[in-house]
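Welcome, and thank you for taking a look.

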2 protein chains.
Amino acid sequence: MEIKTKSTINDVARVAGVSKRTVSRVINGSPSVGQITRERINSVIKELNFKPDKQARGLANKKSYLLGLIYDNPDALYIDQVQRGCLSICTQLGYELVVHPCQWQKEDFVNDCLNFISRSNVDGVLILPPVSESKILASALRERHYPYVRIASADLDDHANIVISNEREAMEDIAEHLVSLGHSDIAMISGPSQFCSSRERLEGFSDSLKKRNITIPENRIIEGKNSYESGMEVANKLLTGTTIPTAIFANNDEMAAGVIRVASDLGIKIPEQLSLAGFDDNIFASRIIPSLTTLRRPVEEISIVATRKLIQAINPQNTPLEQTTVIKPYLITRESTASCITKS
Amino acid sequence: MEIKTKSTINDVARVAGVSKRTVSRVINGSPSVGQITRERINSVIKELNFKPDKQARGLANKKSYLLGLIYDNPDALYIDQVQRGCLSICTQLGYELVVHPCQWQKEDFVNDCLNFISRSNVDGVLILPPVSESKILASALRERHYPYVRIASADLDDHANIVISNEREAMEDIAEHLVSLGHSDIAMISGPSQFCSSRERLEGFSDSLKKRNITIPENRIIEGKNSYESGMEVANKLLTGTTIPTAIFANNDEMAAGVIRVASDLGIKIPEQLSLAGFDDNIFASRIIPSLTTLRRPVEEISIVATRKLIQAINPQNTPLEQTTVIKPYLITRESTASCITKS
DNA sequence: TTGTACGCGTTATCAT
DNA sequence: ATGATAACGCGTACAA
């Protein structure tokens, strides 16, 4: 009662008493197959537990039914969420996901990616930030008419090739939150200016505050490196001056954690003496003490949309088209922000 | 000066003036090819930038050059590290990695995995804990003579099919650490007893303490669920009694973080009044305040060894055999543990 | 509506 | 040592 050899399209054809061409038609949903024939074939397919072989199929029509995921991101949680989002669509549509972490600072990273693509035969690639910000990689792919979708924080490609996390606009929410709590002496630890996400967040934050008649002085904006240690460094500068800000927004939770550490060492109480917010809703954002007010990207939703777009780019005719392009992160309020009591 | 169409074995054969069979021989390193012929072919291969097509190759010899990674683990960092470890070997040996997160509690999870394997055509699978502890899945694979390697914390399979993280022995280190700091009233928050890793750690810890003439009373061992919230719950029981332990070992960092939260709320100072240790060296173990003394698995090394074993299982003759099977986690000392001053 | 014949790029079986 | 030819499993002109 065991199925030893997996059945092929030929077996199905033979048992059903038709040609394999007809079976092929049924598999691919061709309309030109008689009702009764189709049903018979379908039942045989079930009976034989037949699954079309991806490799043979790919060989014949030059597709692998493999999607590539290219990234270079230290945030493992983010990667994991993206993978799950992608896979929920992949599984549903008969694709598999092949991962390719890379090092986008390295000089040969474009070749490394191109290499990955050609040797793995993936039908298309999903590119995560910050790699997605690479213009060189994107144009290399575009030039080769190779299907790709980027996930990024700014509008840097055709809407068919990108899903945008609108972080600039999301800054409105955190700005509003802090201002409504009475803060006006606000500082920001920005991210590396080479990242477009950093620029979006910085400008978005600063603009949003300006709209509310608050201007951040030059010396209250310090660029960090998105790391915990870097957050500590900047926090030290920000919190040891003669006057310290009443609120700090950090470009990510990692650096915010650094601020918490330094504040703790300096005896500055959060949120009583200092409000603090981050970005990401990293895994420890809710664990850390105080728990962190932060902005969260709907990562899974974003990657689902991106995957749909990619598969659509691969099969322009078959797949229902995905229209969404811009998705906004949202505010999560926790312990680290509170109303500003003292004011100069 | 651009290569439009990727070249095939036929192109190489034609240009080199030989039959494609000979080219195939060169590709696969067959010894029976003349020196000059081989060199000529090799130069043509380079010139044409020829790369054998994985799909065609797979169709012909029933291999996909794809490896599957099966897991169901909430620790994204762990997954990420494993993926990188695997890939460092995969790339080197011409394999790609296909990911498959699953839900091992669900009743049809074995079928789900089997399904994944057959539809993706992966040549073999790497199974991560806790899925790796599933006897049903492992025997299903073994029965089908399907190459697999498990990563687990106990010796539950042939050494060809497993890489063991010896957590039982690693407990010696943390026990020794705590005892040497003067602790004797020690509590443990164990993990779900269904997990073999939980049992290993519990028994290992308790045995190691016994060797040092310390016995943990029944009421000092409470089972948690490995989650932050669960850690808080158990911590509440442990820290609100008439006498509280001077040290707690938590089955993972996640729960240890819960303990920190509760201790903070109760005004219990760590490590002054309470020493605390976890397991995993989770991403926030070094970020949290106080930073956490913990046990770290050499995840990347483990996954590298496992991948080598898997590829060897797939190609019994070609690959150099991997002998390592047991790898021990190691202690990382941080702020959360200190010497015990007060003693009853 | 259905079937025949061939191609996809590679490896394997035989021969020479 | 090398080559002709048949697989591998499926898709697709083209024909019927």
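Helices (H or I, at least four residues) and strands (E, at least two) are DSSP runs, numbered from the N terminus. This is a predicted model, in which local features need pLDDT of at least 70, side-chain atom pairs count only at pLDDT 80 or more, and totals for chains, interfaces and linings use all residues. Residues are numbered from 1 along each chain as its sequence is written, while chains are lettered from A and ligands numbered from 1 in the order in which they are written.

**Around the DNA**

Let us begin with DNA strand D. A residue is near a strand if its C-beta atom, placed from the backbone, lies within 6 Å of it. By that rule, 23 residues surround DNA strand D, and the closest are Thr8(A), Ile9(A), Ser19(B), Ser32(B) and Gly34(B). Helices H2 (20-27) and H4 (54-61) of chain A, along with H2 (20-27) and H4 (54-61) of chain B, each supply at least two residues of this surface. H4(A) has the largest share, 5 residues.

DNA strand C is surrounded by 25 residues, the closest being Gly34(A), Ile9(B), Ser24(B), Ala56(B) and Ala60(B). Two or more residues of its surface come from each of H2 and H4 of chain A and helix H1 (9-16), H2 and H4 of chain B. Here H4(B) gives the most, with 5 residues.

The table sorts the residues of both surfaces by kind. Ala, Val, Leu, Ile, Met, Phe, Trp, Tyr, Cys and Pro count as nonpolar, Asp, Glu, Lys and Arg as charged, and the others, Gly among them, as polar.

**Where the two chains touch**

Two residues are in contact if their C-beta atoms, placed from the backbone, lie within 7 Å. The contact between the chains takes 34 residues from chain A and 33 residues from chain B. On the chain B side, two or more residues come from each of H4, helix H5 (76-93), strand E2 (96-101), helix H6 (109-120) and helix H11 (253-266). H5(B) provides the largest share of that side, 7 residues. The side of chain B that touches chain A divides into 17 nonpolar, 8 polar and 8 charged residues.

**A pair of helices in chain A**

How do H1(A) and H3(A) pack? Helix H1 (residues 9-16) and helix H3 (residues 35-48) of chain A meet at an angle of about 125 degrees, with axes 9 Å apart. Axes are lines fitted to C-alpha atoms, for helices over the stretch in contact, and angles run from 0 to 180 degrees between N-to-C directions. Angles under 35 degrees count as roughly parallel, over 145 as roughly antiparallel, 65 to 115 as roughly perpendicular and the rest as oblique. H1(A) and H3(A) are therefore oblique to each other. From H1(A), Asp11(A), Val12(A), Val15(A) and Ala16(A) make the contact, and from H3(A), Arg40(A), Ile41(A), Val44(A), Ile45(A) and Leu48(A). These residues divide into 7 nonpolar, no polar and 2 charged.

**Two residues of chain B**

A residue is buried if 20 or more other C-beta atoms, placed from the backbone, lie within 10 Å of its own, exposed if 12 or fewer, and partly exposed in between. Ser336(B), in the segment after strand E12 (330-332) of chain B, counts as buried because it has 26 C-beta neighbours inside 10 Å. Gln317(B), in the loop between helix H12 (299-314) and strand E11 (326-327) of chain B, has 5 such neighbours and so counts as exposed.
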